[in-house]
Amino acid sequence: MGIAAMAGAMILSLGAPFAASAQSARPEDTGGYVFCPAELDAAIEEGRLNPRIPYAKAALVRTADQAIQYFLKEVPWKTVCGVALNSLFGKLMDGLLGETVSIREVTEQIVTLQKEMKKQVEDLKEMIGRNSELQDYRNALTSLETTMDILVRQVKLGKAEGASDQDELVRIADKLGSGKEWSTDGLIYKLTLVGKYLKGDNYTSKNDLFQLVTEMNIKKSMFSGEAMNRSGEYLSRAVSGYLYGTGLALRMLIAQRQVASFTEDDIARLNPVMKKVRENLRLDAREIDQQIEALLKDVAGDSEADRAADRDGVLKRYNDFLSADRCIFINKGTASKRLAPRLQVMTNQQIAAAARSGEAKAQAGFDPAQHIHAGIVNIGALTGEEKLALIEHIRSQYPELTVREYLQGAGFDTSNLDRQDLSLSTGFGSINLHNVPFRQIGYESYEGVRMNAKDKSIGSCNLYYKKGGVTLLFWEIGKEEGVVDGALAYFVKK
């Protein structure tokens, strides 16, 4: 089951991905990769696209191109990878739509695609390390990388002395193998296996790689947004490596398509050896077109596919990952609380007013039967114990961040949390109250942390009672009597 398919799920376990947020921007809403037939018609009419290309294939090429551009725009890490992919896929799409590319450009594209993909794959394998949950995928990736290395070494040999461009094109086309080999061995077969992990159709697991990686990081995270941050570079590198592999396969298929479409003059320019190689390949232009379409559908999806798993392409799965709800409290896989992205803030003055009577407590949202400090500890959607676990996690994993900075990084709107004296309650303190005629004096206290302090030390927050009722509220932890301008932040349900 894909991430988007679980949009209504409120239960988050170690075996389920994050539910998609209804408020998240999607490619369909933003123009990310929606094919527009009118645009294609205009392009053909103006001569910008080769009208001989079948309409359906041209539409698919355009959709895949838009999907790739959307990926390059939204990927959460920036390297030269984006520039290389953008440039290379632009040329590849031109080739798919009938533009001619020189032999030199073909070779350069193949070498560059393999070089860039190898870097992404090596970085990704290092990140995966010995993680047992991802070893099957790592093995498939390694097999693909090895096949690409061998293929590119063969392509880089260059033209033999006296060989024509047609001879060289046949030599390059031969490295991919015949149509019978695509589904049993070689680059396309191994690329397809890697794609199955990304799409969740790998014969060994019901989950796609996006789910496997995020579920792995749920165990290390307090919020879904944190788990997504931990997963982001894994997945963006996985997708970019897959795109490089797809680009290389497409480049080779384009070369085969040219060889399959040789004119009698082209065939006459072949030396006897390459003429025999071409005959043995038995290339069929229609079969090549079908394979090209299959690869593009793996990237961009196929809205008309019978199986639901085939309707979503790899980049759609990636977008589902990016669009998932970031504000689910997961507590390392032990909880599932969907929270509003904006925390609420209650000022000292509002709490002081609430503490004056049971009726005032009820109006402010507290239990009238409880002391005010008990209500403060558990105010909102998270309990004091859950907030304490959150603070301990931030302190150990992100010592350089304040609580507010951590929440912002996880995906919360923290624009209303910038005041200096702002706390988050984490536990009960003490109570010392006694009555004198018509008056209550003493104090209540609870434990909390400063949201905008990096030390994240837990201290006591005091509410003082004097003659005339609650007159002073001490919020900023560790300060002396007289601080009355602080506030309390708390999470609310979505």
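Where does threonine 426 lie? Select it: threonine 426 lies in strand S4, residues 422-436. Helices (H or I, at least four residues) and strands (E, at least two) are DSSP runs, numbered from the N terminus.

This is a predicted model, in which local features need pLDDT of at least 70, side-chain atom pairs count only at pLDDT 80 or more, and totals for chains, interfaces and linings use all residues. Residues are numbered from 1 along each chain as its sequence is written, and side-chain values use heavy atoms, with hydrogens and water left out.

**Stop 1: threonine 426**

Stay on threonine 426, which counts as buried at 4% relative accessibility. Buried means under 20% relative accessible area, exposed over 50%, and partly exposed in between (1.4 Å probe, protein chains only). Now show what surrounds this residue. Leaving aside residues up to four places away in sequence, threonine 426 touches Val377, Gly384, Glu385, Lys387, Leu388, Ile391, Glu447, Gly448 and Ile458. A contact here means heavy atoms within 4.5 Å.

**Stop 2: the whole chain**

Zoom out. The protein chain has 21 helices and eight strands. Of its 494 residues, 52% are buried. Take the contacts between residues at least 6 apart in sequence: 69% of them join residues at least 24 apart. The chain exposes about 22,500 Å², and carbon and sulfur atoms supply 49% of that area. Accessible areas come from the Shrake-Rupley method with a 1.4 Å probe; for residues, only the protein chains shown count as cover.

**Stop 3: strands S3 and S8**

Select strand S3, residues 344-347, together with S8; they pair in the antiparallel sense over four bridges. Two strands pair if DSSP finds at least two bridges between them. Which residue in S8 is the bridge partner of glutamine 344? The partner is tyrosine 490.

In a regular strand the side chains alternate between the two faces of the sheet. In S8, Ala487 and Ala489 are buried on one side, and Leu488 and Tyr490 are buried on the other, so both faces are covered.

**Stop 4: salt bridges**

A salt bridge is a side-chain nitrogen of Lys or Arg within 4 Å of a carboxyl oxygen of Asp or Glu. How many salt bridges does the structure hold? There are 20.

Begin with arginine 237 and glutamate 233, whose side chains meet in a salt bridge at 3.0 Å, N to O. They are four residues apart in helix H11 (residues 224-260), so about one helical turn separates them. Arginine 237 is buried, with a relative accessible area of 9%, while glutamate 233 is partly exposed at 34%.

Next select aspartate 312 and lysine 316, another salt bridge, with the closest N and O atoms 4.0 Å apart. Aspartate 312 is partly exposed at 23% relative accessibility, and lysine 316 is buried at 14%.

Then go to lysine 494 and aspartate 325, where the side chains meet in a salt bridge at 3.4 Å, N to O. This pair links distant parts of the chain, 169 residues apart: lysine 494 is in the segment after strand S8 (487-490), and aspartate 325 is in the loop between helix H16 (314-323) and strand S1 (328-329). Is each of the two buried or partly exposed? Lysine 494 is partly exposed at 45% relative accessibility; aspartate 325 is buried at 2%.

**Stop 5: aromatic rings**

Rings of Phe, Tyr and Trp (its six-membered ring) pair if their centres lie within 6.5 Å; planes under 30 degrees apart count as stacked, over 60 as edge-to-face and the rest as tilted. The count comes to ten aromatic pairs.

One of them is phenylalanine 71 with tyrosine 318, an edge-to-face pair at 5.2 Å centre to centre with 70° between the planes. Phenylalanine 71 lies in helix H3 (residues 55-74) and tyrosine 318 in helix H16, so the pair ties together parts that are 247 residues apart in sequence. Both residues are buried.

Now select phenylalanine 223 and tyrosine 406: their ring centres are 6.2 Å apart and their planes at 45°, so the pair is tilted. Phenylalanine 223 and tyrosine 406 are both buried.
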